[in-house]
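Here is my note on the model, point by point. Please keep the coordinates open while reading.

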Amino acid sequence: MEEPEEFWAEQARQLDWFKTWDSVLQWESPFARWFPGGQLNASYLCVDRHVKTWRRSKVAIYWEGEPGDTRVLSYATLYREVNRFADILKKIGIGKGDRVALYLPMIPELPIFMLACARIGAVHTVIFSGFSAQALADRVNDTQAKLLITADAGFRRGKPLPLKEICDQAVGLTPSVDKVIVVKRAGIPVTMKEGKDLWLHDLLDTAASSVKPEPMESCEPLYILYTSGTTGKPKGIVHGTGGYLVFNYSAYKWVFDIREESVYWCTADVGWVTGHSSIVYAPLAHGAAIVLYEGAPDYPTLDRWWDIIEKYGVTIFYTSPTAIRMFMRYGEEGPERHDLSSLELLGSVGEPINPEAWLWYYQNIGGERCPIVDTWWQTETGGIMISPAPGIECVPLKPGSATFPLPGVDAAVVDEQGKPVADEQRGHLVIRKPWPGMLLGIHGDPHRYERSYWSKFRGMFYTGDYAIRDKDGYYWILGRADEVLKVAGHRMGPAELEDAAISHPALAEAAVVGKADPIKGDNIVVFAILKQGFTPSPELRMELAEHMRRVVGPIATPDEVYFVASLPKTRSGKIMRRVLKAVASDEDIGDLTTLEDEASVEEVRKSYEELKRQL
Ligand code: WTA
């Protein structure tokens with residue numbers, strides 16, 4: 001912490017650079033440039049450097065399809081495929097700096113295409129395959145991607161999810177997309193548009209097996225990944241190359257204590273940041289053997305995951321609290337039926353893990369033998385920030401605490417004025433120094449970057465989370481301080497959900513809040529005002545839920561819909577979400593003095609009563 005630049009330079013030297021950096025950090029607050037002048041390539045780091053060693057014949061990816069089909073890729077195979085895919089991209093006319101949108105199921109082609117983009121300097125933007133056509137189109141349009149890559153379908157709970165069909169709807173709304181590459185995964189019939197849609201297998205027929213990795217300046221972008229904030233459309237978080245890879249390489253080693261013989265499985269979808277950093281870039285940069293699973297956790301039987309752990313001898317298992325709580329409900333028989341003795345280390349990410357779930361995980365999955373690394377981080381932080389780090393030092397764990405910031409991470413808990421709060425007091429979690437994994441910015445919007453992260457507290461990165469530091473210095477993350485929802489670990493912004501709701505012809509206005517759910521973290525609750533001529537009915541409620549599902553995707557299906565005559569608002573027209581949340585959760589409005597709205601205590605109280613009366 002005292003000599004961060006020297007420290008990060010030492011970490012950076014563990015990577016292969018084509019050219020050494022001119023300086024470690026250029027900090028023009030709030031814009032950081034890590035290792036400027038340095039040149040490297042992410043795909044070189046993740047594949048080329050391994051095939052020069054004995055790891056050539058080491059397993060890179062154990063892939064398990066939901067129907068039970070499998071593929072095993074060695075590093076040599078991965079190298080070959082990445083090169084061939086890169087050649088295809090080049091032949092289509094994709095070059096350095098071009099954006100490529102990936103809308104794929106959890107099949108090996110997804111990480112291969114990511115690495116192929118990285119190889120030629122193209123910027124990938126992976127869009128979670130659970131999003132629907134409109135959500136896909138919005139993200140593609142923001143990046144202005146020329147190329148969209150998809151599959152005919154992916155399997156989810158035994159059914160093919162028709163991704164190509166969804167793309168067909170989306171490309172009507174995305175003028176920038178010139179070509180669509182389609183991976184044949186499920187073998188379902190699809191419509192291929194002459195001159196626009198191309199089968200991957202046809203392109204592979206003539207692909208060259210070697211493409212030179214493009215030297216990328218450290219601060220050139222590696223990818224764009226969309227995530228939600230409190231307001232507005234999803235933000236395109238841009239990550240760079242050098243800083244991002246250095247940070248992830250180090251954090252991964254510290255947190256997961258990765259070793260050659262490890263078999264590592266992170267259950268996240270590659271469509272989220274956990275998949276980018278903790279399935280693709282960090283593990284492969286280490287030459288680790290990873291497991292990639294296509295489908296649902298409980299399909300065709302409730303013990304599918306435990307079966308996979310046993311089958312591949314997984315040693316490190318990394319998942320979300322929502323999944324653990326779901327399995328808790330299913331009971332212990334599933335894990336008991338399987339030999340999970342290969343496991344050495346467990347991880348948790350995405351939401352606060354409650355002590356009860358932590359203990360269940362520890363006892364029933366880890367056999368009271370495996371430490372749990374509760375890892376706190378965000379799309380914006382690029383990699384893990386606060387977590388136990390058994391790769392460096394073992395500390396006593398406390399169920400529900402992410403323990404301590406990683407080396408070089410200057411976290412703090414502050415009050416509304418930005419002053420550190422006393423131990424055991426709740427405050428805002430902030431980061432006080434730049435770190436190499438931090439986002440470069442928001443795609444196309446430097447002002448929004450500054451406004452979203454650096455304006456609430458001067459000179460400090462605002463995370464949007466509440467936290468407590470206890471008297472022993474342990475961090476406890478309490479969840480979002482802003483209005484962002486965490487639905488089964490998926491980050492959703494109220495604005496995107498509200499826009500989706502309002503696009504229904506019967507709705508005049510809508511507000512969306514999260515309501516605590518014992519398994520999913522947050523439930524989606526919609527408060528809606530109907531246009532004149534429409535009357536509330538159970539059918540309309542169902543229709544609205546179906547509509548939101550169609551517009552955003554299945555993860556956006558609301559759990560509760562209330563039709564109301566008015567929404568509680570401040571004088572300036574800002575919706576008082578705290579009031580909505582309290583009403584939805586049947587809670588008291590609580591400590592009104594901490595309300596961030598500009599409304600008076602009386603007004604808030606009145607609108608709270610008014611809304612309760614309406615329901
Ligand atoms: C939450 C996921 C408590 C937090 C990597 C954060 C957590 C948001 C934890 C980022 C954890 C993530 N304990 N809360 N271990 N990890 N979060 O961008 O609210 O999808 O701000 O990144 O997830 O979500 P994102």
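**Notes on strands, charges and salt bridges**

1. Strand E1 (residues 25–28) and strand E2 (residues 31–34) run antiparallel and are joined by 4 bridges. The two form a hairpin, with 2 residues between them. Trp27 has Ala32 in E2 as its bridge partner. Keep in mind that this is a predicted model.

2. Glu2, Glu3, Glu6 and Glu10 form a negative surface patch. Glu10 lies in helix H1 (residues 4–12). Its relative accessible area is 48%, so Glu10 is partly exposed; the cut-off for exposed is over 50%.

3. Now the salt bridges. The count comes to 37. One of them pairs Glu220 with Lys96, with the closest N and O atoms 3.2 Å apart. Glu220 sits in the loop between strand E13 (216–217) and strand E14 (221–227), and Lys96 in the loop between helix H3 (75–92) and strand E6 (99–103), so the contact ties together parts 124 residues apart in sequence. Glu220 is partly exposed at 24% relative accessibility. Lys96 is partly exposed too, at 40%.

4. How are Arg491 and Glu380 joined? Their side chains meet in a salt bridge, 2.7 Å from N to O. Arg491 belongs to strand E27 (residues 490–492), while Glu380 lies in the loop between strand E20 (372–375) and strand E21 (411–414); the pair therefore ties together parts that are 111 residues apart in sequence. Arg491 is buried, with a relative accessible area of 8%. Glu380 is buried as well, at 1%. Both labels follow because buried means under 20%.

5. Glu416 and Lys456 also meet through their side chains, in a salt bridge of 3.2 Å, N to O. Glu416 is in the loop between E21 and strand E22 (426–431), and Lys456 is in the loop between helix H14 (446–454) and strand E24 (461–469), so this pair ties together parts 40 residues apart in sequence. Glu416 is partly exposed, with a relative accessible area of 40%. For Lys456, the value is 31%, which means partly exposed.

6. Last, Glu333. This residue is found in helix H12 (residues 333–336). Is Glu333 buried or partly exposed? Glu333 counts as partly exposed, at 46% relative accessibility. Its C-alpha atom is separated by 8.7 Å from that of Asp303, 30 residues apart along the chain.

Notes
Residues numbered from 1 in each chain as written. Predicted model: local features only at pLDDT ≥ 70, side-chain atom pairs only at ≥ 80, totals over all residues. Heavy atoms only, no water. Buried < 20%, exposed > 50% of the residue type's maximum accessible area, 1.4 Å probe, protein only. Patch = residues over 30% accessible without salt bridge, like charges linked within 9 Å, V, L, I, M, F, W, Y side chains within 5 Å. Areas by Shrake-Rupley, 256 points an atom, 1.4 Å probe, with all protein chains shown as cover. Salt bridge = Lys/Arg side-chain N within 4 Å of Asp/Glu carboxyl O. Lys, Arg positive; Asp, Glu negative; His and termini not counted. Charge placed at Lys NZ, Arg CZ, Asp CG, Glu CD. Pairing = 2+ DSSP bridges.
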